[in-house]
Every structure is written in structure tokens, then in C-alpha cells.
Amino acid sequence: MTKPPLTIYLAAPRGFCAGVDRAIKIVEMALQKWGAPVYVRHEIVHNKFVVDDLRDKGAVFVEELDDCPNDRPVIFSAHGVPKSVPAAAQAREMVFVDATCPLVSKVHIEAARHAEAGLQMIMIGHKGHPETIGTMGQLPDGEVLLVETVDDVAHVDVRDPERLAFVTQTTLSVDDTADIVAALQARFPAIVGPHKEDICYATTNRQEAVKAMAPKADAMLVVGAPNSSNSKRLVEVGARAGCGYAQLVQRGTDIDWRALEGIASLGITAGASAPEVLVNEVIDAFRDRYDVSVELVETAQENVEFKVPRVLREPA
């Protein structure tokens, strides 16, 4: 029986960003240096496949520092942590490695600088997301106010409208964030913004590739985890850019074939914490059912690399 033809548009860039790459490398190098178990506070990155793989190698994932013994190394996730976490680890004389993405650390430094200048911070982000908790936890309670939507801007209660600055979570929708920033600037004309965009290069690049791919595709799949902010934003961006069906899948076994009946073209991308092996698994699942031809939709090239902390580059 002949298979129906299917054009797959493959987004580039997609998948791992430099911060995720570095965070995974940190756990692997820590296991090599200190042996198992190495504790990791929170999922190192939001991807079950990656976390399970590291768990198999000897990483133990916990939600709080209290769940870690004093005599084993602990790693803080790529999303960043409140200041109180490394302080508590130091007080317990623990060996710890901070795998916070350098682009998230940049936002932390920015927030601290604004606070030193006497400005109250407004953070654009998702309530409860580890990155938001980590950034807000850089400053004392009440110094960082969270807004999630344009509507929130109208109701935010500030100390002094003339003494404000804003930062953003690094994994937001570029377009949604622009609307919230515009609302903040309209309500608080004196508000100070970041020197350079807080939304990271990888988030922006992946969203741009989806925008280029979405109008060509009958459907779009984003390979990523349901708790991954940047992956969920890619689904929203794809739907908004004109793709009739955009869906998040964790791997090839999650594909909803009924929803894809009759398609002739498909866009595929992956969130910044999804490994390429899962993208290939999804493509292979389509090859089993369709006569597949793959076209790359490339909107940018990435060559960013972040060094791992010095403690891991030194011998044990």
C-alpha cells in the first residue's frame, strides 16, 4: 500500500539552547567528579526524557534543599533560585554548583542594580514558574511585583510610580510581552526597562522560526514538556501565526493521529529543553505512516556557548 505524501517543515533553530546544554553538562560533570549520588534541586531543565536519563546516571532530583544530605553535592537548576537557597547551602557547608542559565543570572543582576538605585521592580512572568520564583527571590518581599497580563498592569499597586523598573522572565512570548510592556509604559511613563531584551535569544529565535513555518503547515507539533514555558509559548505562537492545529507532544508515542488525518504538510519544532533524539523519534513515527520529505525552515543560526563553572573544570 502506498503511503500518502507528507512535507515536514523542520524549524531551525529548535531544541537545546546554550543554557540547557550547559546545565545538563554540569550534572554529568558533577557525577564524573564526585560520583553518584549528586542531588539536583528541582528538575535541571523541564524535560522528562532528560531528567530520567540523568536519574539513571545517578542524579537525585528533589524539590527543596532540606531534602538533600549535607555530605553530597547539590546542583541548582537552570531556571535559577532565590538568594536564600545558596545562603542556606553555605550555612550547611554543602558543596553546591549553580547551573542557573547565564541569561537568567543577567536578569537577577539587573534586578539587584535597580533595587540598589531605589527602584521597585515589576516582573513580567508566570506565577509559580521556578524562574519567576528565583528572580523575585533576589530581593526582599514586596520589592518585586508580578504581572502576568495586560489586565494585571491596570491593577498593580506600586509604592511610587516615578521610581519603577521592570524585568521579564526569559521564556515568554515576544508579542505578548511587548503588549504588557506597552501597558506598563503607558501607565508608568517613568518606568525603566532592561538595557537589552530580557527574553533570551533562544526563545526569540525559536518563536521566529515557528512564525515563518506556521502559515505553510496544515498542522504543527512542538516537541517539549507540559511544564516547559518556552515550549507552551511555541504552541501559542504557531496557532497565532496561522497554523490550524498546533499541539505539544513529549515524544513520538504522544501523537494524536486522529487530529492529523488528511494533512499534507506538518511543521515540527522543539522547545529549548527538548533533545534532538525526541525530534527524530517524532519524524520517524511519521515516516512509518507517510512518504515524508523534510524541508528546513531556518531563520537564524546559533553559535552561543556558555562555560561550565570553574569548580567542575578543576580536578577533584
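Is Asp175 buried, partly exposed or exposed? Asp175 is partly exposed, with a relative accessible area of 34%; here buried means under 20% relative accessible area, exposed over 50%, and partly exposed in between (1.4 Å probe, protein chains only). Some notes follow.

1. Ground rules. This is a predicted model, in which local features need pLDDT of at least 70 and side-chain atom pairs count only at pLDDT 80 or more, while totals for chains, interfaces and linings use all residues. Residues are numbered from 1 along each chain as its sequence is written, and side-chain values use heavy atoms, with hydrogens and water left out.

2. Asp175 and its partner. The side chain of Asp175 meets that of Lys211 in a salt bridge at 3.1 Å, N to O (a side-chain nitrogen of Lys or Arg within 4 Å of a carboxyl oxygen of Asp or Glu). The pair links distant parts of the chain, with Lys211 in helix α8 and Asp175 in helix α7 (residues 174–187), 36 residues apart. Helices (H or I, at least four residues) and strands (E, at least two) are DSSP runs, numbered from the N terminus. Lys211 is also partly exposed, at 24%.

3. Other salt bridges. The whole structure holds 15 of them. Arg240 and Asp176 pair at 3.0 Å, N to O; Arg240 lies in helix α9 (residues 229–240) and Asp176 in helix α7, so this pair ties together parts that are 64 residues apart in sequence. Elsewhere, Glu28, Asp53 and Lys57 are linked in a salt-bridge network.

4. Helix α4. This helix (residues 102–116) has 15 residues and reaches 21 Å from its first C-alpha to its last, close to the 21 Å expected at 1.5 Å a residue (1.5 Å times one less than the number of residues). Among its buried residues are Leu103, Val107 and Ala111. The face turned away from the buried side carries the exposed Arg113 and Glu116. Cover for the buried residues includes β6, α5, β8 and α8.

5. Strand β8. Five of the five residues of β8 (residues 164–168) are buried, so the strand is largely enclosed by the rest of the structure. Leu164, Phe166 and Thr168 are on one side, Ala165 and Val167 on the other. Five bridges join β8 to the parallel strand β6 (residues 120–124); DSSP must find at least two bridges for strands to pair.

6. Ile283. This residue of helix α10 (residues 276–289) is buried at 6%. Beyond neighbours within four places in sequence, Ile283 is in contact (heavy atoms within 4.5 Å) with Ile8, Leu10 and Ile268. Ile283 and Ile8 are 275 residues apart in sequence, yet 8.2 Å apart in space, C-alpha to C-alpha.
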